[in-house]
Amino acid sequence: LAMKPALFRRLAATLALGMGLLMGCATAPTPDYQPQRGQSGKDVIWIPTSPELVTRMLNMAKVSSQDIVYDLGAGDGIIAITAAKQFGARAYGIEYNPQMAAHAQNNARAAGVADKVSIRQGDIFEEKFDEASVVTLYLLPHLNLKLRPTLLKMKPGTRIVSHAFDMGEWEADDKISHEYAHAFLWVVPSDVQGRWTMKEVDSQAEVTLEIEQIFQRIGGSITERGRKTPLLGAQLRGDKMAFQYMGADQQLRSVTAQVHGQRMQGVATVQGGQLPIEAIRR
């Protein structure tokens with residue numbers, strides 16, 4: 001099939017442009033790539049978090065060298081880099097923009113923490129980050145709410161820190177402000193809702209513990225020898241629970257326990273002495 005030279009040149013140029021665009025999508029950014037404040041991303045625009053607020057956020061989460069930090073929407077990598085450089089943590093970032101992800105990894109290399117920081121391209125709603133002990137994010141409110149069910153299924157005690165936006169009905173455990181910016185902290189709570197049979201280990205006497213739960217807020221009652229009394233000052237933080245109740249012997253008991261799925265173990269303090277307790281969810 002004969003083709004006119006001019007038409008052939010136009011077709012060749014079109015093919016070359018298409019191949020160039022495809023190759024550009026698959027290759028790393030040039031070394032001089034610089035993100036622009038306000039540039040569009042998949043679901044958000046990029047607004048960097050100030051170094052001062054980053055440090056305060058990680059301090060609020062009590063990040064240490066024992067932690068694995070995941071930054072969702074890593075941007076230029078500042079949170080992951082700070083977690084590694086200032087706090088000694090192992091840090092990962094998930095960033096949708098491949099050029100930004102490569103830029104952030106270059107920043108980690110320049111900061112001397114490439115051995116502790118890994119920024120990868122990915123979608124935060126598809127990537128796994130369940131190994132994290134700390135999760136940081138700077139997203140929009142509806143994205144926080146979309147992530148909330150996943151975050152609540154993480155290991156109890158995992159700390160979640162969000163710049164600017166909250167989690168709706170899930171009240172924050174702590175909050176900080178810096179200049180005009182805010183950050184919120186949540187500690188993923190254990191699931192303790194339901195009926196438990198609790199006893200002092202050295203005694204055969206059992207009580208029924210009924211717990212009602214909305215996120216980390218808990219309440220309920222104790223039934224002992226047919227007598228029902230409310231839990232007093234009930235608190236839940238991660239897998240640690242504490243409450244008081246008035247026993248049938250008219251002695252105030254203060255209980256602290258650690259939750260292990262369907263079991264709890266701890267101590268009841270009464271008249272200055274401590275009695276081991278255990279409970280099983282029925």
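Five aromatic pairs are counted in this predicted model, where rings of Phe, Tyr and Trp (its six-membered ring) pair if their centres lie within 6.5 Å. Phe243 is buried at 3% relative accessibility, and Tyr245 is buried at 4%. Buried means under 20% relative accessible area, exposed over 50% and partly exposed in between (1.4 Å probe, protein chains only).

Ring pairs also join Trp170, Phe184, Trp186 and Phe215 into a cluster. Elsewhere, the charged end of Lys146 sits over the ring of Phe125, 4.2 Å from the ring centre. The criterion is NZ of Lys or CZ of Arg within 6 Å of the ring centre and within 35 degrees of the ring normal.

Strands S6 (residues 174–178) and S7 (residues 181–187) pair in the antiparallel sense over five bridges. Strands are DSSP runs (E, at least two residues), numbered from the N terminus, and two of them pair if DSSP finds at least two bridges between them. Ser177 has His182 of S7 as its bridge partner. Two residues lie between the strands of this hairpin, where Glu179 takes a positive phi near 55 degrees.

The mean pLDDT (the predictor's confidence in each residue, from 0 to 100) of the protein chain is 89. A value of 70 or more is reached by 89% of its residues. Residues 1–27 stay under 50. Where pLDDT is low, the predicted coordinates should not be read in detail.

Residues are numbered from 1 along each chain as its sequence is written, and side-chain values use heavy atoms, without hydrogens or water. In this predicted model local features need pLDDT of at least 70 and side-chain atom pairs count only at pLDDT 80 or more, while totals for chains, interfaces and linings use all residues.

Methods: Contact = heavy atoms within 4.5 Å. Helix = DSSP H or I, 4+ residues; strand = E, 2+ residues; numbered from the N terminus. Phe/Tyr/Trp six-rings, centres within 6.5 Å; stacked < 30°, edge-to-face > 60°.
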